[in-house]
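Trainee: Can we go over the charged pairs in this one? Start with the terms, please.

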Amino acid sequence: MRLGINLGYWGAGMDADNLAVAQEADRLGYSVCWAAEAYGSDAPTVLAWVAARTERIDVGSAIFQIPARTPTMTAMTAATLDTLSKGRFRLGLGVSGPQVSEGWYGVRFDKPLARTREYVEIVRKAMSRERLTHSGEHWTLPLPDGPGKPLKLTVHPVRERIPLYIAAIGPKNLEQTGEIADGALLIFFAPEHAEETTLGALRAGREKAGLTMEGFDVAPTVPLALGDDIDALADTFRPYTALYVGGMGSRKQNFYNRLARRMGYEKEAAEIQDRYLSGDKEGAAAAVPRQLIDSTTLLGPVERIADRMRAYAAAGVTTLSLAPAGFTLEERIAALRAGVEALERSGAAS
C-alpha cells in the first residue's frame with residue numbers, strides 16, 4: 001500500500017499551506033497529490049501549480065467533473081499536465097451530482113453511467129492520438145453535415161497510457177469503474193464493509209472485462225487526525241460526515257446516504273438526513289454514530305493509526321490518500337509525518 005495526500009478544494013484560505021503540504025508530501029515520498037473541484041477552484045490550475053513546485057510526487061484530479069468539460073478538452077488537459085509534469089499526472093473523473101451538474105453547469109444529470117462510459121471511451125481515443133471519430137448517444141464527432149473533420153491530438157503525453165480513475169460510490173458505478181478504469185477514487189471507505197460495499201462490485205467489473213484486480217488502484221481518501229483523545233478527534237469529523245450523509249444531494253438522490261445504509265446504518269442515515277434537510281445541522285452531526293466516523297477515518301496516536309492502516313491494506317487498498325486534519329500548517333505537517341511513520345509500523349508499505 002502506498003500513501004497519497006488529498007488537498008481537497010483550493011481557495012478555502014489555506015492555499016499557501018496547501019502548497020507547503022504538497023511539498024512536504026513530495027519530500028516524504030508520498031506517491032500522489034490529489035486536488036478537487038466543485039463550483040469554486042478548478043483542479044487543472046491547482047495541479048499545474050503543484051506540479052511546478054514539486055519534483056517526484058504524482059499529481060491527480062479527484063476529480064475533473066464530467067459535466068464541466070467536453071471529453072476532448074479533458075484529453076487535452078490531461079496530455080498537457082502529463083507533459084508539463086514530466087509524466088506525473090493521473091486523471092480522475094466523476095459525474096459530480098445533480099445539484100452541481102444542473103445548477104452550475106446546466107447539464108442534465110441523466111444516464112450518468114452511460115455518459116461516463118462514453119466519455120471515457122472518447123478521452124482514451126483522443127489521448128491515444130488516433131484520428132477521432134465517435135458516434136454515440138451523448139457525443140458525435142465530427143458533427144455530421146458540417147465542416148468538421150476527424151482530428152488527432154497534437155500534444156504527445158509522456159506516457160502511452162495516462163492512468164484513469166473514476167470516482168464511484170454506488171454498486172453499478174463501481175462495477176463499471178472496475179470494467180473501464182485503471183483505478184477507483186473512493187470516499188467513506190470502511191475496511192470492515194469493503195467487500196459488500198465496494199470491492200465485490202469492482203471485482204465483478206474487472207471480471208466482465210476479462211481482468212483481475214492485479215494492477216487496479218483502489219484509492220480511498222481517508223481523513224486523518226493525530227492525538228490521544230479519540231472521542232474529541234471523532235467529534236471534529238461529525239459536521240463533515242453529517243454534510244455528506246445528510247445534505248450532499250436531495251432526499252431522493254444522496255449517494256453517501258445510500259452508502260451509509262449499505263454499511264448497516266439504515267436508521268441513523270435517515271435521522272441524519274431528516275435533521276440536516278430540516279436545517280438542524282447540529283442535530284444531524286450529533287446523530288452521526290461514532291463507529292461510522294471511526295471506521296472511515298484514521299484517528300488517534302501513531303500506533304492506533306498503524307493498526308487501522310493494516311486493516312485498509314488487508315481490505316485491498318493500494319493507495320491510501322490522507323486528508324490530514326488541522327487548522328495550522330504545523331498540525332497538518334505533523335499528520336503527514338505521522339502517516340509515514342504509521343505506514344512503516346504497519347508493515348503494509350509497498
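Mentor: Buried means under 20% relative accessible area, exposed means over 50%, and partly exposed is in between. Bear in mind that this is a predicted model.

Trainee: Okay, where does E341 fall, buried or exposed or in between?

Mentor: E341 has a relative accessible area of 31%, so E341 is partly exposed.

Trainee: And which residue does E341 meet in a salt bridge?

Mentor: The partner is R345, at 2.7 Å from N to O. R345 is partly exposed too, with a relative accessible area of 41%.

Trainee: How far apart are E341 and R345 in helix 15?

Mentor: They are 4 residues apart in that helix, which covers residues 329-346, so about one helical turn separates them.

Trainee: Switching topic. What does D217 pair with?

Mentor: D217 forms a salt bridge with R90, and their closest N and O atoms are 3.6 Å apart. D217 lies in strand 10 (residues 217-226) and R90 in strand 5 (residues 89-94), so the pair ties together parts 127 residues apart in sequence.

Trainee: Is that pair buried or exposed?

Mentor: D217 is buried, at 5% relative accessible area. R90 is buried as well, at 9%.

Trainee: Which residues are linked with R90 and D217 in a network?

Mentor: R2 and D58 belong to that network of salt bridges along with R90 and D217.

Trainee: What about E55, buried or exposed?

Mentor: E55 counts as exposed, because its relative accessibility is 63%. Its side chain meets that of R56 in a salt bridge, 3.2 Å from N to O.

Trainee: Last one: how many salt bridges in total?

Mentor: The count comes to 29.

Technical notes:
Residues are numbered from 1 along each chain as its sequence is written. This is a predicted model: local features need pLDDT of at least 70, side-chain atom pairs count only at pLDDT 80 or more; totals for chains, interfaces and linings use all residues. Side-chain values use heavy atoms; hydrogens and water are left out. A salt bridge is a side-chain nitrogen of Lys or Arg within 4 Å of a carboxyl oxygen of Asp or Glu. Buried means under 20% relative accessible area, exposed over 50%, partly exposed in between (1.4 Å probe, protein chains only). Helices (H or I, at least four residues) and strands (E, at least two) are DSSP runs, numbered from the N terminus.
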